[in-house]
Amino acid sequence: MAYSVEGRRRTNGGMLPLLALSTVSEYYRLPWKPPVTAGLLAANTLVYLRPPFIDPLIPHINEVWFNPNFILKHKDLKRFFLSPFYHLDEPHLVYNMMSLLWKGIKLETSMGSSEFASMVFTLLGMSQGVTLLLSKSLHVFLDYERAFYSEYAVGFSGILFALKVVLNARDEDYTSVYGILVPTKYATWAELVLVQMFMPSSSFLGHLGGILAGILYLKLKRSSHSGLDPVSMVVRGVTWPLRFLSSLVRSRRRRISGRGRVGRGPGIWRCQSCTYDNSGWQSVCEMCGLGRGRSNGWSVNQGQIHSSSSDIPLDELRRRRVERFS
């Protein structure tokens, strides 16, 4: 959960070994080990434990609380991007990481590591942005200042709510949320209400922002003809010149000297004199200049055409090859 209380004491309940055991057990049985999910689990855990080699490099939790007023007033992007990776105590961390373990493995296995990483990065920015917008809107339109000035939140649960929306979007089955049977695609809304009832200290706006971010992400993805997420579309747009040049280089490498192209496709015929593979659109051999007719050639795809090949003097054939490649 994303907690929004101040001064909550950090407690150690001995739950980290349970998280480690669950993670090792899940990854041991998988033939392919999802690396992005493992990286996210490790990053959140290391930030919480703050070992000596990391402690000087990362800010303290008091510097990264998600507070809309501080973010907008001081343009503090550190709070915007880092607050999801901080947790208040072991139950807070373990609950979120167990949820991430299950959702991450399922999603990364189905969509691949690069797309999953892009989606998590996108949902992080979208969920934080939506939460910020909700807090500012409540302050401006309803004069509700508490969410804007007084609430300080940390935790990965906003992103987890967004991941759950993506995971359950097309599921027509039913699932149990705290003992209540609901349609799976609406489970996040039921969990939003029930979590707030059982844990009033959790950040309602942070969780709601995650759900809305997940819905917005799916709408953007479905509206794009390629089905790519927004970040992937931007990356593909920026890198298309490199991909175009790469395709040209690959096409040039397909031709090799003396034997035509690697991989013979339909409509290719081989010259009987010089064994060069020519396109079916050509009536004259590209290599030796001998015409394709009854006296020369057989289709690679259709088998040999019985004919007697015209003999070309070896010196003449060598001269033509030298002229072609000079």
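I kept in mind that the model is predicted.

**Entry 1: the largest pocket**

I started with the largest pocket. I found about 340 Å³ of space in it. Its lining has 20 residues. Nearest the centre I noted Tyr-95, Ser-99, Lys-103, Lys-164 and Glu-191.

I then sorted the pocket lining by class. I got nine nonpolar, seven polar and four charged residues.

**Entry 2: α2 against α5**

I stayed with α5 and looked up its packing with α2. Two packed helices are described by the angle between their axes and the distance between the axes. I read an angle of about 170° for α2 (residues 35-49) and α5, with the axes 9 Å apart. Angles over 145 degrees count as roughly antiparallel, so I wrote down α2 and α5 as roughly antiparallel to each other.

Then I checked which residues meet. On the α2 side I found, among them, Pro-35, Leu-40, Leu-41 and Tyr-48. On the α5 side I found residues including Leu-93, Met-97, Leu-100 and Ile-105. The contact of α2 with α5 has ten nonpolar, four polar and two charged residues.

**Entry 3: aromatic rings**

I asked how many aromatic pairs there are. The count comes to six. I picked out Phe-85 and Phe-156. Their ring centres are 5.7 Å apart, and the planes make an angle of 55°. I recorded this pair as tilted.

**Entry 4: the cavity**

Last, I searched the whole structure for cavities of 30 Å³ or more and found one. The largest cavity has a volume of about 200 Å³. I counted 21 residues in its lining. Phe-66, Thr-131, Ala-153, Ser-203 and Gly-206 lie nearest its centre.

α6 (113-141), α8 and α10 (204-223) each supply at least two lining residues. α6 gives the most, with four residues. By class, I noted ten nonpolar, ten polar and one charged residue in the lining of the largest cavity.

Definitions and conventions:
Residues numbered from 1 in each chain as written. Predicted model: local features only at pLDDT ≥ 70, side-chain atom pairs only at ≥ 80, totals over all residues. Heavy atoms only, no water. 1 Å grid on protein atoms, 1.4 Å probe; cavity = no way out; pocket = protein on both sides within 12 Å on 5 of 7 lines; lining within 4 Å. Points joined across faces, edges and corners; volume = space filled by probe spheres on them. Nonpolar A, V, L, I, M, F, W, Y, C, P; charged D, E, K, R; others polar. Axes fitted to C-alpha atoms, helices over the stretch in contact; angles between N-to-C directions. Parallel < 35°, antiparallel > 145°, perpendicular 65-115°, else oblique. Contact = heavy atoms within 4.5 Å. Phe/Tyr/Trp six-rings, centres within 6.5 Å; stacked < 30°, edge-to-face > 60°.
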